[in-house]
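Me: I would like to go through this predicted model with you, one question at a time, and have the reasoning behind each reply spelled out.

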Amino acid sequence: MGNVTSNVAAKFAFFPPDPATYGVSKDEETGKLVLSGVSPDMNMEVHQLTTKSGNKVVATFWRHPFARFTLLYSHGNAADLGQMVELFIELRAHLRVNIMSYDYSGYGASTGKPSEFNTYCDIEAVYNCLRSDYGIKQEELILYGQSVGSGPTLHMASRLKRLRGVVLHSAILSGIRVLYPVKMTLWFDIFKNIDKIRHVNSKVLVIHGTKDDIVDLSHGKRLWELAKEKYDPLWVKGGGHCNLETYPEYIKHLRKFINAMEKLSLTNPPPKQLTNEPSVTETKHSRCLRFRKR
């Protein structure tokens, strides 16, 4: 049954850029990993992380010297890290956050094949890296999922109970619901966000375009309705599926959300933990999600 689900995912959801827009190499002087084909940034670090499914995924950490939070960004479907650089630089500067992003298995220079299960393994490995290499706590972390990236984002958000916040950008209710307006969750469906969002404890910001012709606005509105801790949504008037970053209200609303999360952390400090936080072991800007019928 799991293989059938993975095949459905591969058929409907995953379209990695071919060829990849970057490569990974080691700097001869420093011995550090760098992205070839991408302008170097002294405040960006490259990782190759081994997931529990055995794939090696590429992740980049964009550091801001005065960061209040870290954004763990799961990008859209037909993109890889090389295409996201300009957006990450802008978000880092405007929001004053660190940004950790990664390529799913089979995307960019990440090994393996894309599947729903692998995206969950991918984001778990990235989260564990944030904890072990950078000391990032749940309370300092905001998960950001764009389009198909809303799947691994809500997978992780439903498991991290002290997470600071979640951003869902052009998100989907589930894979099949993008194609057909089904009323019930089918066993072979993928990225069952409609079910997982009910288990998210943190504040949820939903951003969706009113003219999205790939993932209907109804997906965003329903996810917002189902969120337990809602933040004021942003319905971008006239916005499509791939261009929301070009609207001025996008960055303004995100900045407002980040500021609200900072105030929340000041008024509601996290409880003291008696033990170390466990690792997760269970199970031109951005491009679009493209589901297609067969």
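Me: In which sense do strand β4 and β6 pair, and over how many bridges?
Reply: The partners are strand β4, residues 56-62, and β6, which covers residues 98-102. Within this pairing, T60 stands opposite S101 in β6. The sense of the pairing is antiparallel, and the number of bridges is four.

Me: How many bridges join strand β5 to β6, and do the two run parallel or antiparallel?
Reply: Strand β5 takes in residues 70-74, and its residue L71 stands opposite I99 in β6. The count of bridges joining β5 to β6 is four, and the direction is parallel.

Me: Which residue in β7 does L72 stand opposite?
Reply: β5 is also joined to strand β7, residues 141-146, by five bridges, and these two strands run parallel. In that pairing the residue opposite L72 is L143.

Me: Why is strand β6 described as largely enclosed by the rest of the structure?
Reply: Burial here is a matter of relative accessible area, with under 20% as the cut-off. In a regular strand the side chains alternate between the two faces of the sheet. In β6, N98, M100 and Y102 lie on one side and I99 and S101 on the other, and all are buried, which leaves both faces covered. The strand is largely enclosed because the residues that count as buried are five of the five.

Me: Which residues point each way from β5, and are they buried or exposed?
Reply: β5 is mostly covered, with five of its five residues buried. T70, L72 and S74 point one way, whereas L71 and Y73 point the other way, and the state of all of them is buried.

Me: What handedness does the unit made by β5, α2 and β6 have?
Reply: The two strands of this unit run parallel and are joined by four bridges, and the helix that belongs to the unit, α2, spans residues 81-95. Together, β5, α2 and β6 make a β-α-β unit that is right-handed.

Me: Where does α2 bend, and by about how many degrees?
Reply: Helix α2 has 15 residues and reaches 19 Å from its first C-alpha to its last, close to the 21 Å expected at 1.5 Å a residue. The residues buried in this helix include L87, along with M84, F88 and L91. The bend in α2 is located at L87, and its size is about 35 degrees.

Me: Which backbone nitrogen does a side-chain oxygen of D80 reach at the start of α2, and to within what distance?
Reply: Just after α2, at its other end, R96 takes a positive phi of about 55 degrees. At the start of the helix, the side-chain oxygen of D80 approaches the backbone nitrogen of G82, to within 3.1 Å.

Me: Which residues is T119 in contact with, leaving aside its neighbours within four places in sequence?
Reply: T119 is found in helix α3, residues 116-134, and counts as buried because its relative accessibility is 2%. Its side chain reaches the backbone oxygen of E116 at 2.6 Å, and its C-alpha atom is separated by 6.8 Å from that of S105, 14 residues apart along the chain. Beyond those sequence neighbours, the contacts of T119 are F14, Y104, P152 and F191.

Me: What is the relative accessible area of F191?
Reply: F191 is found in the loop between α5 (175-179) and α6 (193-196), where it has a positive phi of about 50 degrees although it is not a glycine. Most residues other than glycine have a negative phi. F191 is buried, and its relative accessible area is 0%.

Me: Where is S147 found, and what is its phi near?
Reply: At 1% relative accessibility, S147 counts as buried. S147 is found in the loop between β7 and α4 (150-157), and its phi, a positive value in a residue other than glycine, is near 55 degrees.

Methods:
Residues are numbered from 1 along each chain as its sequence is written. This is a predicted model: local features need pLDDT of at least 70, side-chain atom pairs count only at pLDDT 80 or more; totals for chains, interfaces and linings use all residues. Side-chain values use heavy atoms; hydrogens and water are left out. Buried means under 20% relative accessible area, exposed over 50%, partly exposed in between (1.4 Å probe, protein chains only). Contact means heavy atoms within 4.5 Å. The expected span of a helix is 1.5 Å times one less than its number of residues. The bend at a residue is the angle between axes fitted to the seven residues ending there and the seven starting there. A polar contact is a pair of N or O atoms within 3.5 Å; within protein, one must be able to donate a hydrogen and the other to accept it, and residues adjacent in sequence count only if both atoms are side-chain atoms. Two strands pair if DSSP finds at least two bridges between them. A crossover is right-handed if, with the strands pointing away from the viewer, the path from the first strand over the helix to the second runs clockwise.
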